[in-house]
Amino acid sequence: MENPDFNNPNYNTKTGIYSEGCGLENVFMSWGHDDYMYLVAKENGSTLPSAGLFIIRYHSFYPLHKAGGYTHLMNEGDKDNLKWLHVFNKYDLYSKSKVQVDVEKVKPYYMSLIKKVRGTLLSSRLKMNN
């Protein structure tokens with residue numbers, strides 16, 4: 001059975017149901033861990049700049065930052081933030097190590113970082129377990 005939307009002229013254009021430059025925040029996408037963390041930060045008073053929130057939300061949106069897709073839907077803010085996402089990607093994509101980390105050994109270091117930035121990422125309304 002063919003998807004009835006296949007023959008809908010509203011969906012068979014470059015922008016589909018969207019308008020050019022509408023902004024990625026207005027584009028419906030599948031929901032996952034990226035959007036979850038973005039919403040946690042945004043809804044809890046994060047003081048991260050818009051580029052930081054953009055990176056959290058779209059760092060796994062490979063069609064955008066790897067293939068240049070969907071750029072016609074971006075607004076000016078998205079275009080500015082995409083530059084920072086490209087900088088971030090060199091530290092994110094394919095930067096994983098095959099060496100297994102001793103979690104207990106590095107835990108104090110990462111817990112100190114979490115305590116340091118807790119007020120930056122999330123409001124004090126959220127409590128973290130140590």
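This is a predicted model: local features need pLDDT of at least 70, side-chain atom pairs count only at pLDDT 80 or more; totals for chains, interfaces and linings use all residues.
**Exercise 1. Work out how H1 and H2 are oriented to each other, and which residues make their contact.**

Step 1. The axes of H1 and H2 come within 6 Å, and they cross at roughly 150 degrees.

Step 2. Angles over 145 degrees count as roughly antiparallel, and therefore H1 is roughly antiparallel to H2.

Step 3. On the side of H1 the contact is made by Asp34, Asp35, Met37, Tyr38, Ala41 and Lys42, while H2 brings Leu53, Ile56 and Arg57.

Step 4. Sorted by class, the contact of H1 with H2 has five nonpolar and four charged residues, and no polar ones.

**Exercise 2. Decide whether asparagine 81 is buried or exposed, and find its contacts.**

Step 1. Asparagine 81 lies in helix H4, which spans residues 76-92.

Step 2. Its relative accessibility is 10%, and because buried means under 20%, asparagine 81 counts as buried.

Step 3. When its neighbours within four places in sequence are left aside, asparagine 81 is in contact with Ser50, Ala51 and Phe54.

**Exercise 3. Classify two of the aromatic pairs by the geometry of their rings.**

Step 1. A pair of aromatic rings is described by two quantities, the distance of the centres and the angle of the planes.

Step 2. The count of such pairs comes to five. In one of them, the rings of tryptophan 31 and tyrosine 36 have their centres 6.1 Å apart and their planes at 85 degrees, so this pair is edge-to-face. Tryptophan 31 is exposed, with a relative accessible area of 55%, whereas tyrosine 36 is partly exposed, with a value of 45%.

Step 3. For phenylalanine 61 and tyrosine 70 the ring centres are 5.2 Å apart and the planes stand at 45 degrees, so the pair is tilted. Phenylalanine 61 counts as buried at 14% relative accessibility, and tyrosine 70 is partly exposed, with a relative accessible area of 39%.

**Exercise 4. List the residues of the largest nonpolar core, and identify the element that gives the most to it.**

Step 1. In soluble globular proteins, nonpolar side chains tend to be buried together.

Step 2. Here the largest nonpolar core is made up of twelve residues, namely Cys22, Leu24, Val27, Phe54, Ile55, Tyr58, Phe61, Leu64, Leu73, Met74, Leu82 and Leu85.

Step 3. H2 and H4 are the elements that give two or more residues to this core, and H2 gives the most, with three residues.

Step 4. Taking cysteine 22 as one of the core members, and leaving aside its neighbours within four places in sequence, one finds it in contact with Val27, Leu73 and Asn75.

**Exercise 5. Describe the protein as a whole by its secondary structure, burial and contacts.**

Step 1. The secondary structure comes to five helices and zero strands, in the pattern α-α-α-α-α along the sequence.

Step 2. Of the 130 residues of the protein, 28% count as buried.

Step 3. Among contacts between residues at least 6 apart in sequence, 64% join residues at least 24 apart.

Technical notes
Residues are numbered from 1 along each chain as its sequence is written. Side-chain values use heavy atoms; hydrogens and water are left out. Helices (H or I, at least four residues) and strands (E, at least two) are DSSP runs, numbered from the N terminus. Buried means under 20% relative accessible area, exposed over 50%, partly exposed in between (1.4 Å probe, protein chains only). Contact means heavy atoms within 4.5 Å. Axes are lines fitted to C-alpha atoms, for helices over the stretch in contact, and angles run from 0 to 180 degrees between N-to-C directions. Angles under 35 degrees count as roughly parallel, over 145 as roughly antiparallel, 65 to 115 as roughly perpendicular and the rest as oblique. Ala, Val, Leu, Ile, Met, Phe, Trp, Tyr, Cys and Pro count as nonpolar, Asp, Glu, Lys and Arg as charged, and the others, Gly among them, as polar. Rings of Phe, Tyr and Trp (its six-membered ring) pair if their centres lie within 6.5 Å; planes under 30 degrees apart count as stacked, over 60 as edge-to-face and the rest as tilted. A nonpolar core is a set of buried Ala, Val, Leu, Ile, Met, Phe, Trp, Tyr and Cys residues joined through side-chain atoms within 4.5 Å.
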